[in-house]
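Visitor: I would like to go through the labels attached to this model and see what each one rests on. Could we take them one at a time?

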Amino acid sequence: MLLSPEVLTIQIINLIFLVFGTIAFILGIRIFLKWDMNSTSKLQYTLEKQSFLSATIIKYILFIKILLFIFFIFSLDKISNVLTGAMCAAGVIDATSYGIYLLLFKLINIYFFGFWLVIHKFDINTKELKFTKLKFGFYIFIYLLFLVEILIELTMFSSIDVDKLVSCCGTLYSNSSGSYLSSFFAIDNIYIVGSFYLTFLLLVIAYFIKNDYLYVVFNLIFLIVSLVSLIMFFGTYIYELPTHHCPFCMLQKEYNYIGYVLYLFLFLGTFFGFTIGIKNLLLNLNEDNKKYYKYSIISILIYVLIVSLYPIIFYIKNGVFL
């Protein structure tokens, strides 16, 4: 499987990331240990120049990594065509025990790289660059997670056996599966949908009262509830099939790639929501968060409107709910 064109492309880009990321990592350790903005030494002047070089490398890794994540999902769909039993990316993810961990690491690392970019933005906007040590200390942590991600990805693709029968998404996302999601199938849809809209309502209330801490907490809860409700309820209306709960098939052409739109607005909305917490809790910047509130709530509102339209349109067309 490592020799397929898509997987080779991913591994080559990962190698490039690793080379430049390691350069930023080595410089980052030096900056983290020796940075002193009050110093006028030659070393401090060198560290300042190296900090800008490292920051540029990290920014480009983030931007390309987002595009690579989309290509990764596309590659999983492409690979599913050569695995017996797989119908979409879900079958490839489940083909080894590493798949779900790789997906989680990729999502978490994208969030963390984004958070790093937020800290970097606030850092360069201060005259004394007071968050430089913090952002490079954070990058050291991100780099280690990034290494784990690359190792898991290499292990996963090298462990896939093309001759082995894998489970399709219809089997994986059902009450007969042994996954963590299987327990949710025992819950009535009315509770899942109710939890989704209740969390959204609480999020809106936190938005209007501008309570930063509540807004961050409800963003985290909303992210989890949204993913569960998308799989358990809203996805069935996208597929117009009550037994189809796959979170990956909606990324395919047959469903107008609507999954990319949904995940984009969901992750953007929660990312900007978490940014408010980073400013207040991590950076102790109590300045106006109006811009981040606006970006967050608009993205989340678009997500809610799109997923809500599917069951409404289905009911208008058929006169019944699934």
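Visitor: What is the handedness of the crossing of α2 and α4?

Guide: The crossing of α2 and α4 is left-handed. A crossing gets that label if the near helix is turned anticlockwise from the far one by less than a right angle, and is right-handed if clockwise. The model is predicted: local features need pLDDT of at least 70, side-chain atom pairs count only at pLDDT 80 or more, and totals for chains, interfaces and linings use all residues. Residues are numbered from 1 along each chain as its sequence is written, and side-chain values use heavy atoms, with hydrogens and water left out.

Visitor: Why is α2 called roughly antiparallel to α4?

Guide: Helix α2 (residues 42–79) and helix α4 (residues 99–124) pack at an angle of about 150 degrees, their axes 10 Å apart. Angles under 35 degrees count as roughly parallel, over 145 as roughly antiparallel, 65 to 115 as roughly perpendicular and the rest as oblique, so α2 is roughly antiparallel to α4. The axes are lines fitted to C-alpha atoms, for helices over the stretch in contact, and angles run from 0 to 180 degrees between N-to-C directions. Helices are DSSP runs (H or I, at least four residues), numbered from the N terminus.

Visitor: Which residues make the contact of α2 with α4, and how do they divide by class?

Guide: Contact means heavy atoms within 4.5 Å. Among the residues involved are Ala55, Lys59, Phe63 and Phe69 of α2, and Leu103, Phe113, Trp116 and His120 of α4. The contact divides into 16 nonpolar, 3 polar and 3 charged residues. Ala, Val, Leu, Ile, Met, Phe, Trp, Tyr, Cys and Pro count as nonpolar, Asp, Glu, Lys and Arg as charged, and the others, Gly among them, as polar.

Visitor: What makes His120 count as buried or exposed?

Guide: Buried means under 20% relative accessible area, exposed over 50%, and partly exposed in between (1.4 Å probe, protein chains only). His120 has 5% relative accessibility and therefore counts as buried. His120 lies in helix α4 and touches Ala55, Lys59 and Lys135, not counting residues up to four places away in sequence.

Visitor: Why is α8 described as roughly parallel to α10?

Guide: The axes of helix α8 (residues 212–239) and helix α10 (residues 290–318) cross at roughly 20 degrees and come within 11 Å. By the angle, α8 is therefore roughly parallel to α10. The crossing of α8 past α10 is left-handed. Phe222 and Phe233 are among the residues of α8 in this contact, and Tyr303 and Phe314 among those of α10. The contact has 16 nonpolar, 4 polar and 1 charged residues.

Visitor: How many disulfides does the structure hold?

Guide: There are 0 disulfides, a disulfide being a pair of cysteine sulfur atoms within 2.5 Å. Cys246 counts as buried because its relative accessibility is 1%, and Cys249 is buried at 4%.

Visitor: Why is Tyr257 called partly exposed?

Guide: Tyr257 has a relative accessible area of 42%, so the label is partly exposed. Tyr257 is in the loop between α8 and α9 (258–282), and its phi is also positive, near 55 degrees, in a residue other than glycine.

Definitions and conventions. Helices (H or I, at least four residues) and strands (E, at least two) are DSSP runs, numbered from the N terminus.
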